[in-house]
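Here's a quick tour of the inner spaces and ring contacts in this model. Have the structure open while you read.

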Amino acid sequence: MSVRVVAALTAGFLALAACSAEEPKQEQKAGTIRIFAQQNADQHLSKSPFTKRLQQKLGVTLTFETTTWDSASAKEKRQISLASGDLPDVYVLIPWVDGFTQSELIRLGKQGVVVPLNDLIDKHAPNVKKTLDSIPDFKRLATAPDGKIYGMPQWNDCFHCSYAAKLWMNSAWLKKLGLKQPTTPDELREVLQAFKTKDPNGNGKADEIPMSASTANPLLPYLMNAFIYDPQGSPDYGSTLAVNAGKVQLQPMQPGWREGLRYIAGLYKDGLIDQAAFTQNGDAMKAKGDKAGASIVGSATVMHPAQLVTIGQKDRRDRDYDAVAPLTGPSGTQYATYTLPSLPGGTFVLTSKASEATQIAAIKMLDYIFTEEGHRYGEFGEEGVGWEKAGPGDVALDESLKPSFKTLTQPEGVEGGWGPAAQYNSTKEFRNAQVASTHIYDQAGYERRLFKATELYAGKEPKDQIFPVWHIKIAPEQAGELATLQTNIDNYVNQSSLQFVTGQKNINDDAAWQAFLDGLNGLGVTRYLQIQQKAYDAL
């Protein structure tokens, strides 16, 4: 055999070997990323222009398994997907719909169901890494006690969301009755009594509801804050823990809580609070706000008025509601509830079903969403359709910032972005550089209306009393015990508070109040506070 033939055969074998060595790399290319996601009734994520943009950018196909924005059904479907073993490659969720809790992520991480993101971020997600390094609170929110990031939470630095426990009152009714906004609990009672008895909607019927609320927008926190700090910002942050001189305490065990319940019970007894305020959902409350004919709701404890009335109605009733500053209580207490607008846990979660190449492609997808460009396209859709760049004369929401972009009304039937599923890096600078009309009662000025309203509450939170539940890290071995204690105690507090307010239990009866405190002790409140104190001290 000639040297030339041997050389040719050798070259051929080497080529075959090279092809064989390269084949696994070809198999590792991410062809499809299977995503479990939540979509609204008017969304089709598979048809979204942002989905197409990502596919072109990453060279992959995105497929979706979807559920709704209804929290209960969304959580149920997510749990079914986990139990079935037929896992998606990645979960991309909306925190206020349903997301993974940190304890869930730790458990699933230990079981090998979810994949820690630390190495992937370090190697393939420079924008995510930069953001986490520049926002310590975000990094702390994302990191489990063992130092691993099992899922990425959203960072949504929403100013008006930080102070959810607001009161919005019908200013047209106040004007008609010659009244001013109340500043104390006694003044509020007088206003609500006038709403009930003086026919402020002018229809000749006693159909007015002086004050309403819903399970999604609880009534107690705003009113309670005139008597004692109530940290319950929303159902997502339902904890009643606070700090007193470094010691963690349960606010419902304090005398001020009883005083607050006594006041609220008096309002309820006099028919000044909607009978359904503690049981109706947000849709039921809004149906009352939108009731045809004359307006019937005088005030409501909602984060923003669109939760009470549809914005842009022909009768312009949505313009009638203005925020009322925190009330000053009998001892001079004037508090506003503060909560971090970002929830701990995870909404971007990779599973072990994803191949290495799919994991890399998925983390690059997240990294693009972390850029300003990716965020705009991701949340609002295409430029010129869902948003446009700021122009001459435009004013940013925070007037000290240079205006960046403004959102547009999406044409009916036109697919947009992923909406709130893409709010991963929604910093204060990003949100507040958005253009908003200076006419706060116009739809285009709605965000500015909320911004201005929230300024009434900002700074009223007692910083030394805030128990930062969003940053508390619980050791995995205690997570199950704490979850049981917290569920039982929170449910008992909510149920008992409702019973005291509605008169099922007499708030003025010392024996009834002592029985409530004894019930908390029976549920293990001492152990509960011990675990929380240890976690607080470790911050």
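## Cavities

Searching the whole structure turns up three cavities of 30 Å³ or more. A cavity here is a set of points on a 1 Å grid over the protein atoms alone where a 1.4 Å probe fits but cannot get out, and lining residues have an atom within 4 Å of a point. Points are joined across faces, edges and corners, and the volume is the space filled by probe spheres set on them. This is a predicted model, where local features need pLDDT of at least 70 and side-chain atom pairs count only at pLDDT 80 or more, while totals for chains, interfaces and linings use all residues. Residues are numbered from 1 along each chain as its sequence is written, and side-chain values use heavy atoms, with hydrogens and water left out.

The largest cavity holds about 80 Å³ of space. Its lining includes Tyr237, Tyr338 and Trp470, and by class it has nine nonpolar, two polar and no charged residues. (Ala, Val, Leu, Ile, Met, Phe, Trp, Tyr, Cys and Pro count as nonpolar, Asp, Glu, Lys and Arg as charged, and the others, Gly among them, as polar.) The second largest cavity has about 40 Å³, and its lining has five nonpolar, three polar and one charged residues; Lys148 and Tyr150 are among them.

## Ring pairs

There are 26 aromatic pairs in the whole structure. Rings of Phe, Tyr and Trp (its six-membered ring) pair if their centres lie within 6.5 Å; planes under 30 degrees apart are stacked, over 60 edge-to-face, and the rest tilted. Phe64 and Trp418 are edge-to-face because their planes sit at 90°, with the centres 5.9 Å apart. Phe64 is in strand E2 (residues 61-67) and Trp418 in the loop between strands E12 (405-407) and E13 (425-426), so this pair ties together parts 354 residues apart in sequence. Helices (H or I, at least four residues) and strands (E, at least two) are DSSP runs, numbered from the N terminus.

Trp418 is buried, at 2% relative accessible area (buried means under 20%, exposed over 50%, partly exposed in between, with a 1.4 Å probe and protein chains only). Ring pairs also join Phe159, Tyr163, Tyr237, Tyr338, Phe451 and Trp470 into a cluster.

## Charges over rings

Arg78 lies over the face of Phe100, 4.2 Å from the ring centre. Lys166 puts its charged end over the ring of Tyr457, 5.8 Å from the centre. The cut-off: NZ of Lys or CZ of Arg within 6 Å of the ring centre and within 35 degrees of the ring normal.

Key. 1 Å grid on protein atoms, 1.4 Å probe; cavity = no way out; pocket = protein on both sides within 12 Å on 5 of 7 lines; lining within 4 Å.
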